[in-house]
Amino acid sequence: MAKPLFLSLSLCLILLFHGCLARSRTAQYQSQNACQLNRLEAREPDHKRECEGGLLESWDPNHEQFQCAGVALLRLTIQPNGLHLPSYTNAPQLVHIIRGRGVLGTIFPGCAETFEESQRGLGGGGQPGSQRDQHQKLHHIREGDIIALPAGLAYWSYNDGDQPLVTVNLVHVSNSDNQLDLEPRRFYLAGNPHDEFPQSRIQQGQGRRSEERQRRREEEKEQQGLPNNIFSGFSVRYIQEAFNVDSETARRIQNQNDFRGSIIRVKDRLDLVRPPRSRQEQEHETRRQELRQAEREHSRRQSSRDNGMEETVCTMRLRENIGDPARADVFSPQAGRLRTVNGYNLPILNWLQLSAERGFLYSNAMYSPHYNINAHGIIYVIRGRARCQVVDDFGRSVFDGELRQGQALTVPQNFAIVKQAENEGFEWVSFKTNDRAKVSQLAGRISYIWALPEDVIANSYQISREQARRLKYNRQEASLFTTSHQSIRPAVTA
Amino acid sequence: MAKPLFLSLSLCLILLFHGCLARSRTAQYQSQNACQLNRLEAREPDHKRECEGGLLESWDPNHEQFQCAGVALLRLTIQPNGLHLPSYTNAPQLVHIIRGRGVLGTIFPGCAETFEESQRGLGGGGQPGSQRDQHQKLHHIREGDIIALPAGLAYWSYNDGDQPLVTVNLVHVSNSDNQLDLEPRRFYLAGNPHDEFPQSRIQQGQGRRSEERQRRREEEKEQQGLPNNIFSGFSVRYIQEAFNVDSETARRIQNQNDFRGSIIRVKDRLDLVRPPRSRQEQEHETRRQELRQAEREHSRRQSSRDNGMEETVCTMRLRENIGDPARADVFSPQAGRLRTVNGYNLPILNWLQLSAERGFLYSNAMYSPHYNINAHGIIYVIRGRARCQVVDDFGRSVFDGELRQGQALTVPQNFAIVKQAENEGFEWVSFKTNDRAKVSQLAGRISYIWALPEDVIANSYQISREQARRLKYNRQEASLFTTSHQSIRPAVTA
Amino acid sequence: MAKPLFLSLSLCLILLFHGCLARSRTAQYQSQNACQLNRLEAREPDHKRECEGGLLESWDPNHEQFQCAGVALLRLTIQPNGLHLPSYTNAPQLVHIIRGRGVLGTIFPGCAETFEESQRGLGGGGQPGSQRDQHQKLHHIREGDIIALPAGLAYWSYNDGDQPLVTVNLVHVSNSDNQLDLEPRRFYLAGNPHDEFPQSRIQQGQGRRSEERQRRREEEKEQQGLPNNIFSGFSVRYIQEAFNVDSETARRIQNQNDFRGSIIRVKDRLDLVRPPRSRQEQEHETRRQELRQAEREHSRRQSSRDNGMEETVCTMRLRENIGDPARADVFSPQAGRLRTVNGYNLPILNWLQLSAERGFLYSNAMYSPHYNINAHGIIYVIRGRARCQVVDDFGRSVFDGELRQGQALTVPQNFAIVKQAENEGFEWVSFKTNDRAKVSQLAGRISYIWALPEDVIANSYQISREQARRLKYNRQEASLFTTSHQSIRPAVTA
């Protein structure tokens, strides 16, 4: 029995593997010529909105390099005690915490309210015996975290620390989970929020009708202060009925006279039910590992016993820290480090078809020239500066310049890129539009050139076997290289 | 041995689960701004064609709300003894039987002819010993059935009852199984049928060439009575050769002088090989369950023993009844009931990436405000009337009106909707463009508001903890609510 | 234990099966009306480039029939001792070897260099102890092979035979693994290659900007001899740093003055590390089978023991011979033979979502009228001639003519086709845009007509039961038919 079973199982896993690879990644074609890019740009946010409790900045999603990648990019700064109101987007998001700490709450439909208060004497409401507040699981978030948020999943976040909580959010609008068009859309469930992407892509291209719509809407908002959370579109009486509340509360939900924006400041502190943070980050980590293991075991057992679909969704891990130096995937004491999060170490990314890499290049170190095999890369610079070149299929340099803190650059699939840190070093996060994004290095120990026979190298490049051998073996490092020179100010290529 | 195997298996299932979620749903982007909808409409069919044996009605697939959803919608009325000729479409279909009963035959290539006549004395043809007719499996269909038809699968249907057989067909043109463009296409294998979608999308937009094509075709048909089943494009001599028949029969197949349309009236009754229907519907159901169980067991054993791919395809279940009150998924004696069919209870839907919900709201009852997380919804009203509001990402009401029997309304992904039945109640089917379509309720016991901490509610909506508590807990029902008032005639929202 | 496990496993496999079917095939919609085809054409290559070591021919990817199918087509002739320089494409490729033999090297990032030289005294380079060259696995290729190449995978090929090596390459630009737009792009890693698709699709449609880009580029190349392998876009100093070589070698890699084109002639013979070819093709085959079996066993064991993802990728089979008459899937001594390669017999095709069929129709034999259920077909004629008709959804003949050696014809999904060989026979390869491409025959023993009840046939076509019976059973062959007549010169259909 055991042997054939074992084989079948292996076969099953192999099939699974192929299945995984084979899955369609994205439904990506915005238009037939979306990636005819002559020049990429390192860009800072195009648009800025002050809110009561923070700042909301966005990159213009109409810019060709974002349209080619099918993404929209946002930066949120939530001040201490600030609350980003509950909302959901039409496409999955990857959120990277650049700085600070906080709490994030998600609302998985059908999942139980598993966090409950210990004791509480309010005793209001119409509910018999509802002394204690209950709500769904909360997630502690901190610098270096990647958080994966599925399309349509409502969530809110709160800064419970004492410094600003800064996040960069990638909205993958060309993801197959977005069945609407390619406009990034956020549906707010509370407040009277600002429009995140005022330069929405409707203004460009085919959408004359949309332009009017956009203009009309802006006018409406400015002149009449119309609310725009999702409840504001329903009649007050429907809201009364649905929630079984009085008309005043129903009107409150529509937030007619709320000018706080989408990030509000909480009066006092937010009173949340949650397990305490550990004093020692170290202990916390250890415990977290154990908990995670236990959680996995649990969901495994559930899923094979009683289908357990909901169980698995409800306890699904959404978060992975990629900022911790001690857990680097690639490390060179001279050159820097890399950490990757993908479908293997954060399984929800298989669903979202996204992944990310965080890297730190030490002073003057170089990231091997390479290309993304099966994904676009969207680089956001966390700290420092680097010189960078990107090359297209015609062998033309479409980017040759500096990348600085706070800037974003898109590197289209298959375009080759090389980076060299300036003196102050270079730290970045790169979002990838594939849950198993793969990189092909062009130089170094795990590279294209090592895989080639020497004689192919010699003939291809019209060099001697001797030269071919040097070309192949002279660089023994893996992907992060030390350099003999300082960062190069390259001449402009034609 | 057993333990690791078990774990591996569980892991396998978990991976599968993720794999399922991760699968690309649709390749949906008709154009960059396909979902810039300012106003939705409850629409009745735009086009009507009388046939010899019935009526064919279609909604204009060019209407923006159908283009956003990437679907086309049809209604067929097959009179008793009417036969809808064999055909296939370029995209998968969900067929819901609104009324009546009948027989549906599918043609799975490579599957065996498993239905055979008991005795028959004709003895014609060139075939030695072919006394008995044999053909592929037939399916009994009846009111309340959802039938899933893959793209490119030929099928025919026949009304063997004594009242009209009425079906509503959703053609999911933006499905990834359709590799042609977004025009709904039906390929007839017999007859001289009408065009189902005369307002085909080619007339709009970029397609001047197509417009000509359409016009020319209409002219051709009307002036010269050209046939247009698929065989009519082949030379008569090829058909003679292929079927090894005389030229008269070959010409018959091309149906040059057939004016019966795509639904014909059968002379006498159709003489079919099939197991008898049971007298007692109840017995029938029980037996069907057992048969299904046996069928599953069988295909399970087959698939692990000898690959068995074909076996599974050939006995695949295409049908699930969602009209039976006794099998509701959600039921409230005061408010109504809901029944869902999706990839879990009708596995072929995993392949088709579609699902459906059928609901019945009792007099004045309300369906909780909610949104579709990962799918568009296409509502068709089976009986009664309801008031309905739909809200977009700007918090604007894009639909605020009545839905009546025979009307269809598209609810785009993530748009919020609320429905309240009028006095006569409201029964509907909602097709969803995802095999695991998920809904997020905004009010009630399994809702967004229950998942939020009270303090987040209080701060978000600027209300007291007391009010927050009422907002959260005052509505204890799940998704179908009784109301204190009659249906509301809402004021027009700006 | 065993029983439930067994059932679970079976369930798992069933789910897998559904999963496989359900996977999104392609993100195919180039534009809304890409498949409004009034007429198909049998086309020879539109463009030709002479290289030092061979010839490069391409079909215009802008032609509507290639745009509908979302593919680009190429023919390469590599002269003896010619080397097609290392490159990768933005979309997966299927390569069919029409004639000749050679060696193909792939570069899988992260895979080990598993081919090593026995002894070698060069001892150069900076590497201590690097006497022996090592490189990744090489593949022997020969007439009749289908080779599957993933998007972004670098590869090179070399003709080590004594006759030209001719290949036809299908680039599946609408594949979901291509996240760029629909332009076929090849990134060369060496040389100063020609543009493969000078009539790139950017010249058509929306791309005025692109047109300029294209023109500018052509001017640049012709006037200034600008190189365009991928390294030429990087600064020389970056290349020096990356490879740790002198500036002369760095410049060599950029190949500034290389006019050999993308297929070069190797000086002497290419000196490669590889297992010897067997003398006896027969022995070779047997051994290959065994090796393959062993390989599978190995990867099975690996994958269940230590995840083994990389292991499986590194030893993945890329090649299957479909030209060998002895291994036909369908064979008729009178009519011909068929051989199919798909996700079942070459699992990498599950990932690439492509498959292929090779067929040989003997003199005057006919391939049953049929349609592709879930794929486009792209036919390339290897030898001989055939008469062919293709019919669309309006029953109109969109192709009615001859197919000759060296021509290509696209058959869109669901369009019906019939082929009859001329006197000299007809041999072809048909690439399909689905890893489980399925065909539905309209005549013959495994066909639509056999699956229908006789009475449905009689009523649909308005013929007698007697005639229906003949129509159904007169052609007893499966898919390849002998004919009584010579190939038919069909009259022009209106």
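Modeller: What follows sets labels against their definitions.

Modeller: This is a predicted model, where local features need pLDDT of at least 70, side-chain atom pairs count only at pLDDT 80 or more, and totals for chains, interfaces and linings use all residues. Residues are numbered from 1 along each chain as its sequence is written, chains are lettered from A and ligands numbered from 1 in the order in which they are written, and side-chain values use heavy atoms, with hydrogens and water left out.

Colleague: How do you know where domain 1 and domain 2 of chain A lie?

Modeller: Domain bounds come from an automatic or database domain assignment. For chain A, the assignment gives domain 1 as 37-116 + 133-191 + 194-227 + 260-280, and domain 2 as 323-482. Their centres, taken over C-alpha atoms, are 29 Å apart.

Colleague: What makes a residue part of the contact between domain 1 and domain 2 of chain A?

Modeller: Contact means heavy atoms within 4.5 Å. Domain 1 of chain A brings 35 residues to the contact, and domain 2 of chain A brings 33.

Colleague: What area do domain 1 and domain 2 of chain A bury between them?

Modeller: About 2900 Å², 66% of it on carbon and sulfur atoms. Buried area is the accessible area (1.4 Å probe) that two parts lose on being put together, summed over both. On the domain 1 side of chain A, Leu40(A), Ala42(A) and Leu94(A) lose the most area to domain 2, together 19% of what that side buries.

Colleague: Why is Arg404(A) with Glu44(A) called a salt bridge?

Modeller: The rule asks for a side-chain nitrogen of Lys or Arg within 4 Å of a carboxyl oxygen of Asp or Glu. The side chains of Arg404(A) and Glu44(A) meet at 4.0 Å, N to O. So the pair meets the rule. Between domain 1 and domain 2 of chain A, the count is 2 salt bridges.

Colleague: Which strand gives the most to the side of domain 1 of chain A that touches domain 2?

Modeller: β5(A), with 5 residues. Strands (E, at least two residues) are DSSP runs, numbered from the N terminus.

Colleague: What makes β5(A) and β10(A) a pair?

Modeller: Two strands pair if DSSP finds at least two bridges between them. β5(A) and β10(A) have 4 bridges, in the antiparallel sense. So they pair. Leu94(A) stands opposite Ala148(A) in β10(A).

Colleague: What is the order of the open sheet in chain C?

Modeller: β1-β2-β3-β12-β5-β10-β15, 7 strands with antiparallel pairing. Its edge strands are β1 (47-51) and β15 (319-321) of chain C. In chain C, 4 bridges join β5 (residues 93-99) to β10 (residues 145-149). Gln93(C) has Leu149(C) as its bridge partner in β10(C).
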